[in-house]
Amino acid sequence: MSVNVPLPGEAHRGSAVRAMFDRIAPRYDLLNRVMTLKVDQAWRRRLLSDLAPKDGERMLDLCAGTMDVADLARRRAPGLRVTGADFSMQMLRRGVEKTALPASQADAMALPFLDARFDLATVTFGMRNLERYEVGLAELARVLRPGGRLGVLEFFRSESRGSRLVHGAYNRLALPVLGRILSPDPEAYRYLVASMERFASRVEFEDAARRAGFREVRGETLFPGVCGLVTAVRA
Ligand SMILES: C[S@@+](CC[C@H](N)C(=O)[O-])C[C@H]1O[C@@H](n2cnc3c(N)ncnc32)[C@H](O)[C@@H]1O
């Protein structure tokens, strides 16, 4: 499958990914709900029930996009001080319109926050898009206080041959059709599929989190071959 948006390790990836999210921002929420049959929100709720944000804590929702996680977190704990950060202004703009929560335009590769600033951080479906996810993990470790909690939801690369086949068929047959109907940017769906197939497996990601300074790293498959959850504590 040919993809024009550069994949990890390819040149000029950051600016091309940002431009792509700026373009799809107006239809992002609709696409998410349709493509996952609304299960995406259940996955986000599950992540938050593991992290258990509390009133008064500071939370960073990185790669926040339209800020669904920030919004759900704030509903769980109305006294939570949550900030959304993303490098796409168009995604953040929609998030701020929807949630009225604070947001900051920021690149996950070099976060504009002080060390140990946050009690918890979330990254949902964002890690896969980073130029180098290991650098993103190191930045998250830096801005979390010792004992701070991290929760990541992602379409990790499947390690099982069976689910790779099922998933590959869905990706190649259903996603492009849905993408064409719902989005003016079919390139975005080719990118989505290619980025899932090239990303780390959940186990590889867990090892990278340990190397970046996290302990109690735990992973779980939420939907076989599709969606995984990783939680960890800043050492
Ligand atoms: C698939 S969306 C996920 C949005 C949201 N977290 C959700 O659950 O729907 C990925 C987001 O990551 C952002 N992103 C990708 N690379 C980034 C980077 N280097 N720094 C900050 N944000 C980035 C994109 O702009 C996009 O909004």
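Strands E5 and E7 pair in the antiparallel sense over six bridges; pairing here requires at least two DSSP bridges between two strands. Helices (H or I, at least four residues) and strands (E, at least two) are DSSP runs, numbered from the N terminus. Within that pair, Val152 stands opposite Val230 in E7.

Two remarks on the model. It is predicted, so local features need pLDDT of at least 70 and side-chain atom pairs count only at pLDDT 80 or more, while totals for chains, interfaces and linings use all residues. Residues are numbered from 1 along each chain as its sequence is written, and side-chain values use heavy atoms, with hydrogens and water left out.

Now the whole sheet. It is open, has seven strands in the order E3-E2-E1-E4-E5-E7-E6, and its pairing is mixed. E3 and E6 are the edge strands, each pairing on one side only. From one strand to the next the twist averages 15°; axes are lines fitted to C-alpha atoms, for helices over the stretch in contact, and angles run from 0 to 180 degrees between N-to-C directions. E6 and E7 run antiparallel and are joined by seven bridges, with Arg215 partnered by Val233 in E7.

Back to E5. On its other pairing, E4 and E5 run parallel, joined by six bridges. The chain goes from E4 through H6 to E5 in a right-handed β-α-β crossover, meaning that with the strands pointing away from the viewer, the path from the first strand over the helix to the second runs clockwise. Why is E5 described as largely enclosed by the rest of the structure? Because eight of its 11 residues are buried, where buried means under 20% relative accessible area, exposed over 50%, and partly exposed in between (1.4 Å probe, protein chains only).

Helix H6 covers residues 133-143, and its buried residues include Tyr133, Leu137 and Val143. Among the elements covering them are E1, E4, E5 and helix H9. H9 itself lies across E5, E6 and E7, at about 160° to E6.

Last, the annotation. An unreviewed UniProt entry lists Thr66, Asp86, Asp107 and Ala108 under "binding site"; such annotations may be inferred rather than shown by experiment, feature names are shortened, and positions are in the numbering used here. Asp107 sits in the loop between E3 and E4 and is partly exposed, at 34% relative accessible area. Ala108, in that loop too, is buried at 4%. Leaving aside neighbours within four places in sequence, Ala108 is in contact (heavy atoms within 4.5 Å) with Leu62, Leu130, Gly136 and Glu139.
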